[in-house]
Amino acid sequence: MVVEALPAPRRRPAPKQVTRGERWKRRGPLLPALVVAIVLTQLPFLLTLYYSVHSQNLLRPGAARFVGLANFGKVFGDELFRNAVLNTVVLTASAVMLSMLLGLACAVLLDRKFLGRSVVRTLLITPFLVMPAAAALLWKTSIYNPVFGLLNWALAPFGFGGTDWVSEHPMIAIILVLTWQWTPFMMLIVLAGLQSQSPEVLEAAKVDGAGAWATFVRITLPHLRQFIELGILLGSIFIVQTFDAIFMITQGGPGQATTNLPYFIYQQAFRAFDVGEAAAAGVIVVVATIVIATFALRVISNLFREE
Amino acid sequence: MSTLTASPPAATPPAARRQARRRRIRHVRPGDVGIGVLAWVVGIVFFFPVLWMFLTGFKQEAQASTDPPTFVFTPTFEQYAAILERNFAPYFINSLTASVMSTIFVIALATPAAYALSLARIPRWRDSLFFFISTRMMPAVAIILPLYLIAKNVGMLDNVTFLALMYTAMNLPIAVWMIRSFLLELPKEVLEASRMDGAGLFTEIRSIILPMIAPGLAATSLICFIFAWNEFFFAVSLTATQAATVPVFLVGFITSEGLFWARLSAASTMAALPVILAGWAAQKWLVRGLSLGAVK
């Protein structure tokens, strides 16, 4: 089964009179993990909330001053921040869409039987495994270099060449790397969806005289819908956080052309040491992520309820 | 190709054999060869940058940046020797320590939690489960500053253990969800039988459940190792000289040594290889880990 089954709540596992001690004993195994997760992720976020309404700069010693929502006002008024939001949206949307389209195509290919299928599958998932920082370095030098890069060499026969990808088309350069990295992720999720299709339904479609294309559009795609949604949502949540590729390839530049939100916050925090503004931007990112994540959780919940 | 599959043993009933033959015939269509070739081309295109990185690491610098690219050359270990000479080992050890330590923490914390959230069925398990997943979705940038300041105040900045704690928090949700999905697959009969035999909870967990989910735990560990090893943001923000991991070592190549492609490729290969191997080994479970156990 592809989709995880809920334990059926058929019979009540606990009799009515459960002592308090008994209840804690059953809850016990959960507590260490719960406490660690809260301490390491929720408490720091509470601190972020605290910083976001205070003015503090680590370069200028002095106590933090409560400033209400001033930091948020400053952040929203900051042209660099708005630019970073726009870049994040463009980057995430393009990389997610491209890698989903390619991943879907690769998954359809891999769903067929052919010689060496498992080898091809292994080759295809490798980009996702390569350390992103290493991959970024590799693309920056061996692939995007205007003179010696593989990309220009491969494009030369088609009349393109001599392009300095990183400085002329920095956003495209970053999107390409991310697409290369995330296509395997999308492919694996879609492939799991394809392989969960019941062969009987496909057989029935064939008996009814449906062509391959019609079968794909009418039967396979609707079946894949929830897998595609899951891939897009999880992919968005991870790709919004892209940092390695930007740090390694463009350092957010040229100018601010590829500064996305994580890189912007990193700069505010560790270059400008503006705690308040960095924290406010962080809170905004979390709110945006919660919006996406709510959809993601709903999709996962649906996958859940299916059975 | 399906024609290569062994014919069914003689003992199978004729009807089944006929069906098997029909299935086989159906799969050998002219289009399939085209599909195979196309899939191989796509696979090689995607893999090529990785192969290129691997090859370039064995070149002389002069062969690494040429137009057209050099495909035929005599391999040399010069670059690897140079990397090792430049104190690569401490970074590698830090990466290994942070990844392995965090993976041990994660498995130790997540296994009981997953048990509580699946077989033990504690009240409101669903809320806890979704709480875990929501912590994974929180962007690291939103909490990096407090973490940095906390680490600084308690003297744990540039400390491998602190980094391992971060990776523990990062991987915990994935592990809880994944291990839970393995626990739910355990055959109910086995668990019930052991309970009938009067096995206590502890015995049941130790001698029945743990051995049966051992492969699942191994898969989960590999997935956690992969994410911890490749992590960059925490590493670059929270470490400096003492606890810096392999990705931080690579940062040095952005500027000063960015011109030494062969050396850079050798370093990247050494950085990426452990996870490529772990990922190939965990291939079967990769999708389960990536989708937090939702997709198998």
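How much area is buried between domain 1 of chain A and domain 2 of chain A, and what share of it do carbon and sulfur atoms give? About 850 Å² is buried there, and carbon and sulfur atoms give 74% of that area. Buried area is the accessible area (1.4 Å probe) that two parts lose on being put together, summed over both.

This is a predicted model, in which local features need pLDDT of at least 70 and side-chain atom pairs count only at pLDDT 80 or more. Residues are numbered from 1 along each chain as its sequence is written, and chains are lettered from A.

**Domains of chain A**

The bounds below come from an automatic or database domain assignment.

| Domain | Residues |
|---|---|
| domain 1 of chain A | 21-66 |
| domain 2 of chain A | 72-306 |

**Chain B**

Chain B has 14 helices and 0 strands. Helices (H or I, at least four residues) and strands (E, at least two) are DSSP runs. Of its 296 residues, 54% count as buried, meaning under 20% relative accessible area (1.4 Å probe, protein chains only).

Methods
Side-chain values use heavy atoms; hydrogens and water are left out. Buried means under 20% relative accessible area, exposed over 50%, partly exposed in between (1.4 Å probe, protein chains only).
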